[in-house]
Amino acid sequence: MTADVAVSLSVLAGIVALSAVTRRVLSRALADTGLSVYALELVSTFQLCCCTHELKLLSEVGGIEPRLALTLTYLASVVHGLTFSGAIGNPSGALEHAYHARLSGGCALRRIACQFAAAAAARAAVPVIWGIGLSGLHVRHKLFGYRCITPIHAPLAKAAGVEFACAFAVQSAITHTRAVEEKYRVHAVAAVITTVVYAGGSATGAVFNPALAFSTQFGCSGNSFLEYCLVYWLGPLLGMMSSVLLFDKVVPLLWRNSPSPHQLLDSRKRK
């Protein structure tokens, strides 16, 4: 078990290092073309999906302790946050950027296309990595044909609700930490991600990212494509939209309609 974890950590470090080098090379090569942002999106989402595949394998097939799995989830989230170089890595996040006019609609759609392309590439690449047989865990997984069982262990409506709640919580954390310095912000968001994985992981795996789910969950047996779409695409999208609308529209409206302390004091004096 210890050897399997050590090998998996080495694989994760190798993926992150290779992605970092690729990002740097592509950023320089495409600096004057306007395509660098899409290259970063491809590489960063590929990194996210490959790392999540390996962590998922450790947790579901390797049977590591939940405490260790959560610790690795937190550390991976921090590393992704620090290395993404402006990439979003989540279709819901790209749509949120477009809604707030931080991205044009066309740019957001192209980024989403890059995210799903990278997700598909990662889904095809990880069996090649596992097929090398770097650890006993990889060898066992290869012998079973890289079999994957659905992580949905709840009725579909409840599972979609779990993904909704996870996306709502993470989007709210992202919204309320935008003014925080990046080196501190990534830890706050990673803590929220780890918390929602702990809370919802047993029901759906707590993915709350449509592209990541397409890479890691859609190939698993046990549910149909449409059922996966309901849980892993519609749930997170509605969760993100609810968070944005709540803090952009509802909360400011309530603040405008509520009386200020001075108004309350004046009304009491008049009485």
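A salt bridge is taken here as a side-chain nitrogen of Lys or Arg within 4 Å of a carboxyl oxygen of Asp or Glu. By this rule, seven salt bridges are counted in the chain, which is presented as a predicted model.

The fold is built from helices: eleven are assigned, together with zero strands. Read along the sequence, the pattern is accordingly α-α-α-α-α-α-α-α-α-α-α. The radius of gyration is 21 Å, close to the 18 Å that the globule rule gives for 271 residues, so the chain is as compact as a globular protein of that length. Along the principal axes, the C-alpha atoms fill a box of roughly 80 × 50 × 35 Å.

Of the 271 residues in the chain, 43% are buried. Among contacts with a separation of 6 or more, residues 24 or more positions apart account for 76%. The accessible surface amounts to about 14,100 Å², and carbon and sulfur atoms contribute 67% of this area. Charged side chains comprise 22 positive and 13 negative groups, and the centres of the two sets lie 6 Å apart.

Several of the salt bridges can be described individually. One of them pairs D4 with R140, with 3.7 Å between the closest N and O atoms. D4 belongs to helix α1 (residues 2-29) and R140 to helix α6 (residues 136-143), so this pair ties together parts of the chain that are 136 residues apart in sequence. R140, at 37% relative accessibility, counts as partly exposed.

A salt bridge is also formed between the side chains of R111 and E41, with an N to O distance of 2.9 Å. This pair likewise links distant parts of the chain, as R111 lies in helix α5 (residues 105-131) and E41 in helix α2 (residues 36-60), 70 residues apart. Both R111 and E41 are buried.

A further salt bridge joins the side chains of E181 and K183, at 3.8 Å from N to O. E181 is partly exposed, with a relative accessible area of 46%. K183 is also partly exposed, and its relative accessible area is 46%.

Technical notes
Residues numbered from 1 in each chain as written. Heavy atoms only, no water. Helix = DSSP H or I, 4+ residues; strand = E, 2+ residues; numbered from the N terminus. Rg over C-alpha atoms; globule rule 2.2 N^0.38 Å. Buried < 20%, exposed > 50% of the residue type's maximum accessible area, 1.4 Å probe, protein only. Contact = heavy atoms within 4.5 Å. Areas by Shrake-Rupley, 256 points an atom, 1.4 Å probe, with all protein chains shown as cover. Lys, Arg positive; Asp, Glu negative; His and termini not counted. Charge placed at Lys NZ, Arg CZ, Asp CG, Glu CD.
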